[in-house]
Amino acid sequence: MPTAIKRLLRTSPQQLRAFEATARLMSVTQAARELHVSQPTVSVQLRELATLVGEPLFEPVGRGIRLTPAGEALQSTVADIAACWQRFEERLSDQSGLLRGRLRIAAVTTAEYFVPDLLGPFAALHPGVDIDLAIENRDRVIARLHRQADDLAVMMLPPDELPLQSLPFLDNPLVVLAPRSHPLAQSTQPIALERLSAERWLMREAGSGTRQVTEKHFADHGFSPRMAMSLGSNEAIKHAVGAGLGLAVVSALTVEAGHAPSAPWVCLPVEGFPIQRQWSLVWRSDAPLAVPARQLVAYVQNAQRPVLAH
């Protein structure tokens, strides 16, 4: 048996999983949480693996950790092993004619209103594919793209600093939401943006794609909103608007979700709105896509309106 294989067999799957998660997340605590084990368990597995390697794999830096040169080499090796195993599974899938594997997707919070409608029919077509869906704010989705934690991401504004490919697949109009009690709530004529300068405006958190688009739109039109509150979710925004705390710019998809005639908010016909944007599937162009991810991209490309009712 080759020496390299003997050394590999001395390691345990638990040790490699602990190392991979810690190296990806740069946190023993987060790795333990992801693996559903205790932090001391992960620490023991990392120490045992370092002993087998004969070199420290991590070193402290500030209040965190970073990979040592040996750790960087092992991270690359573990990625190579995972890629080899993935190719093996893909060959088995080709031989059996059944798509198998894991599909990892991260989506920004607003996308939670439609991503399940996209993935449901795809999952029904490919029951051998396990789907991991993470719903995060935009900054965290970008961080996941940086560390290649997912195969695909769903977002409105892909970052410029990464080598990415994107596939726009769904319109994402942004509208102005107001309390139903607002004096202009029944207006059928276009409302000049300047008429809303004295209004209290509610915004998504800093880093949100909706907020970035909204702020650029306001700046392009020379409009300075009176920002009253920043909230971290679309539901919080809708509840705050309904309670009369101010106006907000939101995706029309969030308004349509669960909309009822008795909803405590309405869309105002403001000039310059809706702001037309699109949702996109996004992936790293500097790494090969796994077969399940390629199949989802093809599925979306081939669907004229990808099984979404919006």
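This is a tutorial dialogue on reading the features of a predicted model.

Visitor: Let's begin with the overall picture. How many helices and strands does the protein chain have?

Guide: Welcome! Keep in mind that this is a predicted model. The secondary structure of the protein chain comes to 11 helices and 12 strands. The chain has 310 residues, of which 43% count as buried. Among contacts with a separation of 6 or more, 76% are between residues 24 or more positions apart.

Visitor: Now the sheets, please. How should I read one, and in what order do the strands that include β3 and β4 lie?

Guide: The general idea is that strands of a sheet pair through backbone hydrogen bonds, either parallel or antiparallel. Here, five strands form an open sheet with mixed pairing, in the order β4-β3-β5-β12-β6. At its edges stand β4 (129-136) and β6 (164-171); each has a single partner strand, so one side of each is left without a neighbour in the sheet. On average, neighbouring strands of this sheet are turned by 20 degrees against each other, direction ignored.

Visitor: In which sense do β3 and β4 pair?

Guide: Strand β3 (residues 101-108) and β4 pair in the parallel sense, over eight bridges. To find a place in that pairing, look for Ile105, which stands opposite Leu133 in β4.

Visitor: Which strands does helix α6 touch?

Guide: Helix α6 (residues 115-125) packs on the sheet and touches β3, β4, β5 (152-155) and β6, its direction making about 175 degrees with that of β4. Helix α7 (residues 138-146) also packs on the sheet, touching β3, β4, β5, β6 and β12 (278-284). The direction of α7 makes about 155 degrees with that of β5.

Visitor: There is another sheet, with β9 in it. In what order do its strands lie?

Guide: The order is β9-β8-β10-β7-β11, five strands in an open sheet with mixed pairing. The edge strands, β9 (226-231) and β11 (265-268), each pair on one side only. Neighbouring strands of this sheet are turned by 40 degrees against each other on average, direction ignored. Ala178 has Val266 in β11 as its bridge partner.

Visitor: And which helices lie across these strands?

Guide: Helix α8 (residues 209-220) lies across β7, β8 (200-204), β9 and β10 (247-251), running at about 140 degrees to β8. Helix α9 (residues 234-242) lies across β7, β8, β9, β10 and β11, and runs at about 170 degrees to β8.

Visitor: What about two helices packed together? How do α3 and α4 cross?

Guide: Two packed helices are described by the angle between their axes and the distance between the axes. The axes of α3 (residues 28-35) and α4 (residues 39-53) come within 8 Å and cross at roughly 110 degrees. These helices are therefore roughly perpendicular to each other. On α3, the contact is made by Val28, Thr29 and Ala32; on α4, by Gln39, Val42, Ser43 and Leu46. Those residues divide into four nonpolar, three polar and no charged.

Visitor: How do I read an aromatic pair, and how many does the structure have?

Guide: A pair of aromatic rings is described by the distance of the centres and the angle of the planes. A search of the whole structure finds seven aromatic pairs. Take Phe19 and Phe58: their ring centres are 5.6 Å apart and their planes are at 50 degrees, so the pair is tilted. This pair links distant parts of the chain, with Phe19 in helix α2 (residues 13-25) and Phe58 in strand β1 (residues 58-61), 39 residues apart. Phe19 is buried at 0% relative accessibility, and Phe58 is buried at 18%. Elsewhere, Phe114, Phe169 and Trp279 form one aromatic cluster.

Visitor: Finally, the loops. Is Asn172 buried or exposed?

Guide: Asn172 lies in the loop between β6 and β7 and counts as buried, at 0% relative accessibility. Leaving out residues up to four places away in sequence, Asn172 touches Met156, Ser251, Leu253, Ile275, Arg277, Gln278 and Trp279. The C-alpha atoms of Asn172 and Gln278 are separated by 4.7 Å, although these residues are 106 apart along the chain.

Visitor: Where is His182 placed?

Guide: His182 is in the loop between β7 and β8. His182 is buried, with a relative accessible area of 11%. Apart from its neighbours within four places in sequence, His182 is in contact with Glu199 and Leu247.

Methods
Residues are numbered from 1 along each chain as its sequence is written. This is a predicted model: local features need pLDDT of at least 70, side-chain atom pairs count only at pLDDT 80 or more; totals for chains, interfaces and linings use all residues. Side-chain values use heavy atoms; hydrogens and water are left out. Two strands pair if DSSP finds at least two bridges between them. Helices (H or I, at least four residues) and strands (E, at least two) are DSSP runs, numbered from the N terminus. Axes are lines fitted to C-alpha atoms, for helices over the stretch in contact, and angles run from 0 to 180 degrees between N-to-C directions. Contact means heavy atoms within 4.5 Å. Angles under 35 degrees count as roughly parallel, over 145 as roughly antiparallel, 65 to 115 as roughly perpendicular and the rest as oblique. Ala, Val, Leu, Ile, Met, Phe, Trp, Tyr, Cys and Pro count as nonpolar, Asp, Glu, Lys and Arg as charged, and the others, Gly among them, as polar. Buried means under 20% relative accessible area, exposed over 50%, partly exposed in between (1.4 Å probe, protein chains only). Rings of Phe, Tyr and Trp (its six-membered ring) pair if their centres lie within 6.5 Å; planes under 30 degrees apart count as stacked, over 60 as edge-to-face and the rest as tilted.
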